[in-house]
Structure formats: C-alpha cells, structure tokens
Amino acid sequence: MRNKKILVIGAHADDISLGCGASIRRYSDEGAKIRMINFTDGASARLKSLLGGSGEDRRPLLPKECEILGIENYISYNFPDNGLDSVLLLDIISLVAFS
C-alpha cells in the first residue's frame, strides 16, 4: 500500500471507525496515507435521554480516533446531524472535491 492515498468519507466519524476502522488501520500500517472527511458533529440530533446519548458534539474526539486508526489528517464539517438529505448534493460534492 506504499504510495497509496485513501479518502474515507462518512456522515459521522463513528460511522467511519465502526464501518471500516480495522481496514483503515491495516492500510495505514502498510504505508497508505489516509485522509478522513466527516460531515456532522454526530450528536446534535440525539436527545440526552434517547439510548443514553449525550447530545454533545463528538468532534473533539477526532484527534484521538485519527491517532488510533492511523489517519494522517481529517476535516469535519458542520452539516445538520440526521439532516444531510436537506443539503444540496452539489454542496457536498464540492466540499469533497476541494478538500
């Protein structure tokens, strides 16, 4: 995987780590350069009482997640959690293309 670049994209950072965290770590260990983009804070739509969710912004946890998974850099946007369907697709594509 040396000289390979991988971009991982998800609505929430935990989607990325739960969905493909082991693969990300493996490719990182094999020398790939990995960048992550997530689009929401991952919690703003959750009520504190719902399933024990805190309702707090989880983005402060991103540096540690990236360290554990071997992600070299990341960017996080502030789109509405559980509301990406209300965002113009062109806006999302533009961010990915120019990130």
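Which residues is T40 in contact with, leaving aside its neighbours within four places in sequence? Select T40 and look around it. The model is predicted. The contacts are A11, H12, R59, S76, Y77, F79, P80, D81 and L84.

**Stop 1: T40**

T40 lies in strand β2. Its relative accessible area is 1%, so T40 counts as buried, the cut-off being under 20%. Now show the side chain of H12. A polar contact of 3.4 Å joins it to the side chain of T40. Then find F79 in β3, which stands opposite T40.

**Stop 2: the sheet**

Switch to cartoon view and select the strands. They form an open sheet of three, in the order β1-β2-β3, with parallel pairing. At the edges are β1 (5–10) and β3, each pairing on one side only. On average, neighbouring strands are turned by 15 degrees against each other, direction ignored. Between β2 and β3, which run parallel, there are five bridges.

**Stop 3: helix α2**

Select 62–69, the residues of α2. Which residues of α2 are buried? Colour L62, E65, C66 and L69: these are buried. They cover an arc of only 95 degrees around the axis, and therefore sit on the same side of α2. A helix has 3.6 residues a turn, so residues three or four places apart point the same way.

What covers the buried residues of α2? The cover includes α1, β2 and β3 (73–79). Step past the end of α2 to G70, whose phi is positive, near 85 degrees.

**Stop 4: the nonpolar cores**

Return to L62. Not counting residues up to four places away in sequence, L62 touches A13, M36, N38, Y74 and S76.

Now select V8, A13, I16, I24, A32, I34, M36, L62, C66, L69 and I71. These 11 residues make up the largest nonpolar core. Two or more of its residues come from each of α1 (13–29), β2 (33–40) and α2 (62–69). A second, separate core has six residues, among them I37, Y77, F79 and V87. In soluble globular proteins, nonpolar side chains tend to be buried together.

How values were computed
Residues numbered from 1 in each chain as written. Predicted model: local features only at pLDDT ≥ 70, side-chain atom pairs only at ≥ 80, totals over all residues. Heavy atoms only, no water. Core = buried A, V, L, I, M, F, W, Y, C linked by side-chain atoms within 4.5 Å. Buried < 20%, exposed > 50% of the residue type's maximum accessible area, 1.4 Å probe, protein only. Helix = DSSP H or I, 4+ residues; strand = E, 2+ residues; numbered from the N terminus. Contact = heavy atoms within 4.5 Å. Arc of directions from axis to C-beta. Polar contact = N/O pair within 3.5 Å; in protein donor to acceptor, adjacent residues only side chain to side chain. Pairing = 2+ DSSP bridges. Axes fitted to C-alpha atoms, helices over the stretch in contact; angles between N-to-C directions.
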